[in-house]
Number of protein chains: 2
Amino acid sequence: MIIATDLEGVLIPEIWDAIASEYGIDELHLTTRDIPDFEELMEHRVNVLNREDLRLQDLQKVAQDVMAFPGSTEFLNWGRRRGQIMIISDTFHELSDPLVWEFGGYNLFANQFSTDSKGRITGYKLRIRGMKWRALEKLRDIGFFIVAIGDSHNDLSMLEEAHHPIFFNPPQELREKCSDFPVAETYDELRESILSVPAESIENP
Amino acid sequence: MIIATDLEGVLIPEIWDAIASEYGIDELHLTTRDIPDFEELMEHRVNVLNREDLRLQDLQKVAQDVMAFPGSTEFLNWGRRRGQIMIISDTFHELSDPLVWEFGGYNLFANQFSTDSKGRITGYKLRIRGMKWRALEKLRDIGFFIVAIGDSHNDLSMLEEAHHPIFFNPPQELREKCSDFPVAETYDELRESILSVPAESIENP
């Protein structure tokens with residue numbers, strides 16, 4: 001069994017929110033709910049960062065103070081004994097690697113920033129965007145049973161293709177739009193949902 | 001960067017060899033070098049196990065005493081700080097999970113046994129066989145730089161498709177057959193080989 005999970009919103013709070021609050025820049029609170037196209041949103045963010053002269057290290061300073069949700073480490077430890085955990089996120093390695101390290105060194109598949117010699121963010125490399133599912137597709141083809149956990153629009157492709165998708169605290173509109181997905185609101189409910197999968201299904205996906 | 005590595009022969013000794021030695025059954029020393037078709041080899045092994053009345057727990061008892069190669073844990077810890085480690089092996093989860101756990105909980109993509117209620121091995125599910133590369137294909141498509149490490153025939157598909165393949169102590173015939181693959185004989189040489197990849201290549205595979 002492979003447990004593919006989103007990072008922000010499932011295991012840790014949104015990092016861009018923390019950056020926006022720390023530096024008092026409301027425009028950085030915008031998410032794909034406001035600007036649905038992720039690349040457009042990222043261009044906007046990069047422009048704002050450069051206008052405010054915020055550099056990679058300023059973002060990292062905030063990210064390193066972001067605290068994982070209580071219970072997330074225990075949930076991952078539990079999951080690790082039942083399958084292979086893959087954290088698949090539209091976050092950036094430069095911000096999230098230390099947080100994922102604290103969890104215990106899970107695989108994180110995410111994006112990367114491009115910076116100039118002064119640490120100014122000049123762009124980014126999107127490895128995951130819109131392709132969350134693609135990272136898992138072959139593993140499914142080979143015959144692994146896939147559990148996917150996500151909370152937002154950009155997780156839908158991954159959730160739709162998983163054998164056992166779980167929404168973790170999704171916004172109301174998504175709950176309604178995808179009413180056939182099981183919903184979990186706590187890590188206990190996540191565990192229960194995963195345990196509800198018959199062993200037979202996991203063995204023969 | 002993704003570091004995809006074989007398990008037996010690279011990080012730990014061959015488990016079937018240990019089983020053969022422990023129970024004094026020479027036929028279990030046979031490998032794909034003797035019976036090139038893996039399924040045929042596995043059928044042979046299962047027949048021998050049943051003939052000798054060896055059950056899953058007897059195999060696990062041997063596997064739990066298999067010692068990882070000295071330096072393998074340190075190599076993985078080193079690699080984990082440079083990329084995502086995926087252990088892709090034709091081994092069986094029932095034998096290797098505890099060993100991989102001792103390394104620190106890396107992702108292991110491997111095969112599984114089928115057993116009856118008495119623990120007799122009735123068959124197996126091949127998830128990886130001949131498909132080592134397929135597990136990585138999509139991650140390569142997305143734009144991850146792939147390092148692959150292997151020592152034998154069944155690693156060739158993975159090595160051939162990787163951006164940076166490394167043979168780890170391969171048999172002489174493979175060294176000659178694939179003379180363009182870099183060879184490492186120690187973990188230090190593995191580290192050097194990985195460090196020799198230009199950062200530019202890793203960023204833009």
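**Note on the predicted two-chain model**

1. B:Glu27 is partly exposed, its relative accessible area being 31%. In this predicted model, the side chain of B:Glu27 meets that of B:Arg51 in a salt bridge, with N and O 2.9 Å apart. B:Glu27 sits in the loop between helix H1 (15–23) and helix H2 (38–51) of chain B, while B:Arg51 belongs to helix H2 of chain B, so the pair ties together parts that are 24 residues apart in sequence. B:Arg51 also forms a salt bridge with B:Glu52, where the closest N and O atoms are 2.8 Å apart. B:Glu52 is partly exposed as well, at a relative accessible area of 36%. In chain A, a network of salt bridges links A:Glu27, A:Arg51 and A:Glu52.

2. How many salt bridges does a search of the whole structure find? Over all chains there are 16. One of them joins the side chains of A:Glu185 and A:Arg175, at 2.9 Å from N to O. This pair links distant parts of the chain, 10 residues apart, since A:Glu185 is in the loop between strand E7 (183–184) and helix H9 (187–195) of chain A and A:Arg175 is in helix H8 (residues 172–177) of chain A. A:Glu185 is partly exposed, with a relative accessible area of 40%, and A:Arg175 likewise counts as partly exposed, at 25% relative accessibility.

3. Turning to the interface, 33 residues of chain B are in contact with 33 residues of chain A. The two chains bury about 2900 Å² between them, and 53% of that area is on carbon and sulfur atoms. Within the area that chain B buries against chain A, B:Arg127, B:Lys138 and B:Ile142 supply 23%, more than any other three residues.

4. Four salt bridges are found across the interface of chain B and chain A. In one salt bridge between the chains, the side chains of A:Glu203 and B:Lys125 meet at 3.5 Å, N to O.

5. Which elements give two or more residues to the side of chain B that touches chain A? They are strand E2 (84–92), helix H5 (93–103), strand E3 (107–115), helix H6 (134–142) and helix H10 (199–203) of chain B. H6(B) gives the most to this side, with seven residues. By residue class, the side of chain B that touches chain A divides into 16 nonpolar, eight polar and nine charged residues.

6. Helix H5 (residues 93–103) of chain A has as its buried residues A:His93, A:Glu94, A:Leu95, A:Ser96, A:Leu99, A:Val100 and A:Phe103. These buried residues of H5(A) pack against helix H1 (15–23), helix H3 (56–63), helix H4 (72–80), strand E2 (84–92) and strand E3 (107–115) of chain A, together with E2 of chain B. After H5(A) comes A:Gly104, whose phi is positive, near 125°.

7. The buried residues of helix H4 (residues 72–80) of chain B are B:Ser72, B:Phe75, B:Leu76, B:Trp78, B:Gly79 and B:Arg80. The elements that cover them include H5 of chain A, together with strand E1 (2–5), E2, H5, strand E5 (146–150) and helix H9 (187–195) of chain B. In chain A, A:Gly83 lies in the loop between H4 and E2, and A:Gly83 counts as buried because its relative accessibility is 12%, under the cut-off of 20%.

8. Two backbone positions deserve a look. Most residues other than glycine have a negative phi. A:Asn169, however, has a phi near 45°, a positive value in a residue other than glycine. A:Asn169 lies in the loop between strand E6 (164–168) and H8 of chain A and is partly exposed, with a relative accessible area of 38%. B:Asp53 also has a positive phi, of about 55°, although it is not a glycine. B:Asp53 is found in the loop between H2 and helix H3 (56–63) of chain B, where it is partly exposed at a relative accessible area of 42%.

9. On confidence, the mean pLDDT of chain A is 92, and 100% of its residues reach 70 or more. Within chain A, confidence is lowest in helix H6 (residues 134–142), at a mean of 82, and highest in H9(A), at 97. For the complex, the predictor gives an ipTM of 0.71 and a pTM of 0.83.

Conventions: Residues numbered from 1 in each chain as written. Chains lettered and ligands numbered in written order. Predicted model: local features only at pLDDT ≥ 70, side-chain atom pairs only at ≥ 80, totals over all residues. Heavy atoms only, no water. Helix = DSSP H or I, 4+ residues; strand = E, 2+ residues; numbered from the N terminus. Buried < 20%, exposed > 50% of the residue type's maximum accessible area, 1.4 Å probe, protein only. Contact = heavy atoms within 4.5 Å. Buried area = accessible area lost by both parts, 1.4 Å probe. Nonpolar A, V, L, I, M, F, W, Y, C, P; charged D, E, K, R; others polar. pLDDT = per-residue confidence, 0-100.
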